[in-house]
Amino acid sequence: MRSTETRSGPRRLSLVAAVWVVARTFASAQPAGAQDSAAQPATPAAAPGIRWEKSFTTIPSGRWTGHRLGDGQPDIQGDWSNSIANHDNFTDPQGGTPGDPVRRKRALGPRAERAPSRVSDPADGQVPFQPWARAKQQEFAAGLWNATRQEYIEPLARCAPAGIPKSFMWHGYEIRQFPQAVVFLFNSGTRIIHLDGKPHLPQNIKLWNGDSRGHWEGNTLVVDVTNSNSKARFARTGEFASENVHIRERYIFDNAGKRFDYEATFTDPTVYTQPWTVTIPNRRYVAGDPQDGWHYEVPLANSPGKELIADHVERPCVENNGPFGQVAVPKKAAP
Amino acid sequence: MACLLLSPVLFASGAEAADRIARQNGKPDFSGIWQTTSAADFDLEPHSTRKDAPPSAGIVVGNVIPYLPAALGQKQRNFAVRDSQDPRLKCWTLGTPRGVYYPEPFQILQRAQDLTLVFEFGHSVRTINTNGTQHPAEKHQFWLGDSRGHWDGDTLVVDVTDFEDETWLDRAGNFHSEDMHVVERWKLLDANTIDYRATIEDPNVFSRPWDIEVLLYRHREKDFQLIENYCFTLDYDKYYPVPAAQ
């Protein structure tokens with residue numbers, strides 16, 4: 001028999017904890033990630049806590065002078081996490097969720113004291129929604145803490161892939177590189193970015209993470225994304241796209257290999273009045289860095305040598321979802 | 001004179017070059033998208049045709065899975081409710097070795113330090129470590145187990161432990177406990193065929209270790225790729241219509 005204790009062992013990933021909410025009544029449903037908000041002010045003395053930057057310097061596109069892999073790609077493999085905030089709020093990343101019933105320990109100060117909007121273009125920091133789409137986004141935002149409809153529960157809370165761009169705001173993640181692909185192993189979902197130049201899938205195929213084609217330009221991985229099912233929300237503030245969205249991503253790596261900027265331009269004439277760009281700064285984590293339960297949850301491998309080796313464990317979600325899982329398959333009698 | 005120093009590869013015919021097993025870091029390169037043509041997932045053991053399975057000679061060496069008596073009873077109960085209780089029906093992670101012979105493609109992406117297996121079904125990801133690391137010191141329950149591999153010549157040998165007990169081995173209700181231990185042997189027979197063998201032992205369920213053998217074939221269709229199949233989202237897909245202008 002499995003016990004609760006072993007279920008929540010140190011190598012179980014934290015998304016598990018966020019998923020049980022779905023079976024609760026809608027009125028009291030608490031979407032995934034609520035624990036993250038609560039965890040921010042409470043920093044255990046022995047742990048580094050979840051650190052967020054209030055500002056960052058963008059990285060220019062240019063030559064790559066850092067280490068290269070055998071196939072010539074810039075070597076950017078390893079563990080990464082965004083440096084400013086989780087997915088609580090898209091345009092005021094450190095402003096918390098709108099209508100959060102949990103009282104803050106400190107009142108929010110002036111907007112200028114917090115990290116800038118993730119929307120870097122247009123300059124007002126807002127997604128240029130058409131009026132109907134703005135109204136829908138605000139409806140989603142209002143429903144977050146008053147989930148009277150199923151669609152107000154963000155899909156991620158049900159273990160759906162976080163999608164684009166939310167995957168970059170939801171826990172740390174790993175990048176693995178191969179001659180034919182760059183692979184992102186997110187906390188919820190996996191993206192394979194094909195480098196071999198094959199055409200996109202037929203447009204009647206729609207996917208949570210879309211269909212990605214990439215190539216390198218100096219220090220920048222340039223990715224073209226189509227085929228999105230656009231069911232994932234960008235953040236808990238409810239921003240969204242439609243199935244017509246075309247996303248052009250630029251992953252701009254600094255030559256020291258410590259940071260990169262994620263920039264993605266969203267074009268969707270059925271939802272927005274103009275194309276707009278999201279910018280998310282990211283930093284690298286390496287084996288031996290303290291685990292903080294959010295950015296870096298990677299254990300050290302059991303290695304006979306002295307070198308510290310990061311061990312990458314599976315990232316299940318739906319299987320560990322209390323009301324969906326566990327009791328859904330009757331326990332087998334002990335043989 | 002320079003041409004005499006060129007590798008013989010350049011002089012091989014196109015057909016021979018295509019059949020040659022690629023190598024990476026001195027080891028066979030398993031990179032590619034693979035799938036069984038067998039009916040193993042329907043039932044590992046030999047079986048006649050039935051409503052929910054084509055006939056098959058199975059992939060169990062010796063034909064019979066050596067269940068302990070009480071465990072055989074559990075297997076038979078699982079079989080009776082297979083049309084509702086197979087974890088695959090919920091799109092749960094298939095487990096090891098089931099993901100390998102499940103009839104849906106999986107991709108192997110290989111580096112010196114590991115092999116990444118991405119299964120189209122559920123888009124789950126298994127890492128086979130080949131970096132000299134060992135199983136975790138403490139016991140864990142992983143849906144795909146903990147995989148530590150090493151090379152025995154050109155054969156990749158993978159020791160897999162630390163399992164969940166909720167995965168099934170096939171649609172027929174063959175099962176295991178948390179104490180299952182799987183030793184896989186992956187070998188390329190040619191550029192497009194993997195000879196996959198696994199020894200399965202579990203003192204809570206089987207009276208002795210037993211073996212499976214199955215071939216995996218490379219997908220060679222032009223522009224073939226995995227199409228992410230997060231099938232566990234289908235049950236709530238209806239709650240998320242893409243917003244559109246009224």
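Which residue in β6(A) is the bridge partner of Ile193(A)? The bridge partner is Ser212(A). This is a predicted model, so every value below is computed from it.

Stay with chain A and look at the strands around that bridge. Strand β5 of chain A covers residues 190-194. Strand β6 of chain A covers residues 211-217. The two pair in the parallel sense, over 2 bridges. β5(A) also pairs with strand β4 of chain A, residues 181-185. Here the sense is antiparallel, and there are 5 bridges.

β4(A) and β5(A) form a hairpin, with 4 residues between the strands. In this hairpin, Gly189(A) takes a positive phi near 110 degrees. How enclosed is β5(A) by the rest of the structure? It is largely enclosed, because 4 of its 5 residues are buried.

Now turn to the loops of chain A. Most residues other than glycine have a negative phi, and most peptide bonds are trans. Some places in this model depart from that pattern. The peptide bond from Asp121(A) to Pro122(A) is cis, with omega near 10 degrees. Pro122(A) sits in the loop between β2 (119-121) and α3 (131-143) of chain A. Another cis peptide bond joins Ile164(A) and Pro165(A), with omega about 0 degrees. Pro165(A) is in the loop between α3 and β3 (173-178) of chain A.

Cys159(A) lies in the loop between α3 and β3 of chain A. Its phi is positive, near 80 degrees, although Cys159(A) is not a glycine. Is Cys159(A) buried or exposed? Cys159(A) counts as buried because it has 26 C-beta neighbours inside 10 Å, and the cut-off for a buried residue is 20 or more.

Asp162(B) is a residue other than glycine, and its phi is positive, near 60 degrees. Asp162(B) is found in the loop between β8 (155-161) and β9 (181-190) of chain B. With 21 C-beta neighbours inside 10 Å, Asp162(B) counts as buried.

Next, follow helix α2 of chain B, residues 69-80. At 1.5 Å a residue, its 12 residues should span 16 Å. The end C-alpha atoms are 17 Å apart, which agrees. The buried residues of this helix are Ala71(B), Lys75(B) and Asn78(B). They cover an arc of only 60 degrees around the axis, so they lie on the same side of α2(B). An α-helix has 3.6 residues a turn, so residues three or four places apart point the same way. The buried residues of α2(B) pack against α3 (82-85) of chain B. On the other side of α2(B), the exposed residues are Pro69(B), Ala70(B), Gln76(B) and Ala80(B).

How do the two chains meet? In all, 49 residues of chain B are in contact with 52 residues of chain A. On the side of chain B that touches chain A, the elements giving two or more residues are α2, β5 (114-119) and β6 (125-129) of chain B. The residues on this side of chain B divide into 26 nonpolar, 17 polar and 6 charged.

Finish inside the protein. The largest nonpolar core has 113 residues. Those that touch the most other members are Ala181(A), Val182(A), Val183(A), Leu44(B), Leu117(B) and Ile194(B). Leaving out residues up to four places away in sequence, Ile194(B) touches Phe30(B), Trp34(B), Trp186(B), Lys187(B), Leu188(B), Leu215(B) and Leu216(B).

Notes
Residues are numbered from 1 along each chain as its sequence is written. Chains are lettered from A and ligands numbered from 1 in the order in which they are written. This is a predicted model: local features need pLDDT of at least 70, side-chain atom pairs count only at pLDDT 80 or more; totals for chains, interfaces and linings use all residues. The expected span of a helix is 1.5 Å times one less than its number of residues. A residue is buried if 20 or more other C-beta atoms lie within 10 Å of its own, exposed if 12 or fewer, and partly exposed in between; C-beta atoms are placed from the backbone. The arc is that of the directions from the helix axis to the C-beta atoms. Two residues are in contact if their C-beta atoms, placed from the backbone, lie within 7 Å. A nonpolar core is a set of buried Ala, Val, Leu, Ile, Met, Phe, Trp, Tyr and Cys residues joined through C-beta atoms within 7 Å. Ala, Val, Leu, Ile, Met, Phe, Trp, Tyr, Cys and Pro count as nonpolar, Asp, Glu, Lys and Arg as charged, and the others, Gly among them, as polar. Two strands pair if DSSP finds at least two bridges between them.
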